[in-house]
Amino acid sequence: MAAAEPGNILIVDDDPDMCQMLCYLMKTHEHKATAVYNGFTALEKINSDWPDVMLVDVQMPEMTGIELLKRALQQRPELPVIMITGHAGIADAVAVMRAGAVDYISKPFNHEHVIRVIRCALEQGKQTVVKTGSAMEVETQLHQLMGPSQAIEHLAADVRRVAQTNFTVVLQGETGTGKSLLARTIHEASPRAKNPFVALDCGAIPESLLESELFGYEKGAFTGATRRKAGQFELAQGGTLFLDEVANLSLSSQMKLLCVLQDKVIFPVGGTSAIPVDVRLLAASNQDLRAIIGNGAFREDLYYRLNEFAINLPALRERSDDILFLAESFRKASNQELKKTVTGFSKGACCQLQAYDWPGNVRQLRTVVRRAVLLAEEMITEQHIQLDSQNDNDISQVIDKTLSYQGLSLKDIVKKHTACVERQVLTEVLAFTNGNKAEAARLLQVDYKTIHTKLKRYGIA
């Protein structure tokens with residue numbers, strides 16, 4: 001994981017030696033660290049020192065770590081809190097996640113693991129969406145994060161409709177369109193907002209481990225199972241479980257997931273007793289689930305059980321109004337990260353960003369802008385915008401594959417293909433200028449009459 005920006009970490013533990021060790025660990029990774037030895041002092045520090053993350057021991061006298069967690073989140077609901085447990089037991093794990101902790105670590109712990117958890121908590125703190133169900137605030141948050149376009153307005157309307165319900169929701173869209181962000185927004189705008197939001201990438205877990213990851217396992221269930229472990233369903237109890245890339249689940253795992261959705265209980269691996277679960281499920285896929293039902297890769301009954309409400313996220317090329325807004329947002333963030341003062345984008349750079357197809361969507365745009373900020377000194381120009389070649393605009397993709405060569409000379413064949421390429425270019429430039437023929441003529445460096453004639457010849461409206 002890339003290094004995070006330094007954070008202000010508040011450590012709460014009644015053991016001075018543990019506090020000293022954790023403070024030293026934080027400072028060696030350039031974080032500011034403050035230690036206090038009881039919950040009452042910690043509650044004072046929350047509003048005076050304004051920490052970015054709080055690290056709390058579960059077992060403390062006077063005020064337990066769980067009590068401190070609950071009271072801290074009443075003061076600052078957006079504060080990421082990580083709990084330190086004496087044993088990685090199911091009771092502690094479930095209790096801290098239900099109470100609102102973003103994560104937990106168990107003693108004895110690996111120092112690198114602690115730092116990774118801290119980094120994740122800092123990142124989550126930066127991306128936290130305000131926890132309200134207000135329709136206006138949901139719309140404002142999405143526009144701030146995703147852009148001002150009408151397409152985002154429609155997404156906000158869908159979130160407002162479904163957030164207050166208990167519907168399972170399918171989020172479909174290309175990679176990089178913001179499915180994870182929208183899932184978290186739905187959770188934060190829902191009545192479950194104060195309970196855990198747990199995300200699992202179904203494509204990142206091997207099939208052999210997926211069942212134990214979802215449902216947990218009992219001690220002795222298999223070789224190496226030296227303790228009981230809670231699965232994602234238990235950790236999300238009372239909250240939301242987000243299954244990203246759900247199409248990657250095997251048919252066997254799909255069947256087990258369907259049973260959980262229908263019966264509202266889970267059976268940990270190696271267990272015989274059912275555990276009731278109260279979890280709202282959100283699922284995402286970059287594939288059309290209806291399409292893969294036809295080839296037998298996804299269960300139709302599971303699809304209809306998941307698809308109580310569907311939200312389709314448009315690709316970035318379909319909401320060009322958001323491109324410059326997002327680019328500007330990424331420029332500011334990259335300036336802060338790289339400690340630079342790049343002032344903005346040249347007109348040519350803006351045209352280049354808006355004309356590109358963005359196959360990687362928002363994620364790709366962020367990478368391109370971040371790299372441009374690194375390369376630029378004052379302003380980002382065309383030479384700083386490094387884009388992958390677009391196969392869709394390659395001549396081999398544009399020419400008419402159905403053209404018969406029989407009876408045609410080379411000159412005639414080239415003429416016909418040239419017309420096809422010319423029509424494609426005119427269509428794309430007109431789309432870029434929103435139908436403004438005069439502007440299209442200027443961009444293509446031809447007169448208005450030529451544009452008008454060619455559009456009429458090719459039947460382009």
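Predicted model: local features only at pLDDT ≥ 70, side-chain atom pairs only at ≥ 80, totals over all residues.

Visitor: How many helices and strands does the protein chain have?
Guide: Helices (H or I, at least four residues) and strands (E, at least two) are DSSP runs, numbered from the N terminus. On that basis the protein chain has 20 helices and 12 strands.

Visitor: What percentage of the residues in the protein chain is buried?
Guide: Buried means under 20% relative accessible area, exposed over 50%, and partly exposed in between, with a 1.4 Å probe and protein chains only. Of the 461 residues in the protein chain, the buried ones make up 44%.

Visitor: Among contacts between residues at least 6 apart in sequence, what percentage joins residues at least 24 apart?
Guide: A contact means heavy atoms within 4.5 Å. For the protein chain, the part of these contacts that joins residues at least 24 apart is 69%.

Visitor: At what angle do helix 14 and helix 15 pack?
Guide: Axes are lines fitted to C-alpha atoms, for helices over the stretch in contact, and angles run from 0 to 180 degrees between N-to-C directions. The axes of helix 14 (residues 323–338) and helix 15 (residues 347–355) are 10 Å apart, and the angle is about 120 degrees. That makes the pair oblique, since angles under 35 degrees count as roughly parallel, over 145 as roughly antiparallel, 65 to 115 as roughly perpendicular and the rest as oblique. The value asked for is about 120 degrees.

Visitor: Which residues in helix 20 meet helix 19?
Guide: The axes of helix 19 (residues 437–444) and helix 20 (residues 448–458) come within 9 Å and cross at roughly 110 degrees, which makes helix 19 roughly perpendicular to helix 20. From helix 19, Lys437, Ala438, Ala440, Ala441 and Leu444 take part, and they meet Tyr448, Ile451, His452 and Leu455 in helix 20.

Visitor: Is glutamate 30 buried or exposed?
Guide: Glutamate 30 lies in the loop between helix 1 (16–28) and strand 2 (32–36). Its phi is near 70 degrees, a positive value in a residue other than glycine. With a relative accessible area of 62%, glutamate 30 is exposed.

Visitor: Is asparagine 361 buried or exposed?
Guide: Asparagine 361 is found in helix 16 (residues 361–375), and its phi is near 60 degrees, a positive value in a residue other than glycine. Asparagine 361 is also among the residues in contact with glycine 176. At a relative accessible area of 0%, asparagine 361 is buried.

Visitor: Is the peptide bond from lysine 107 to proline 108 cis or trans?
Guide: Most peptide bonds are trans. Proline 108 lies in the loop between strand 5 (103–106) and helix 5 (111–127). For the bond from lysine 107 to proline 108, omega is near -10 degrees, and the bond is cis.

Definitions and conventions:
Residues numbered from 1 in each chain as written. Heavy atoms only, no water. Lists of a residue's contacts leave out its neighbours within four places in sequence.
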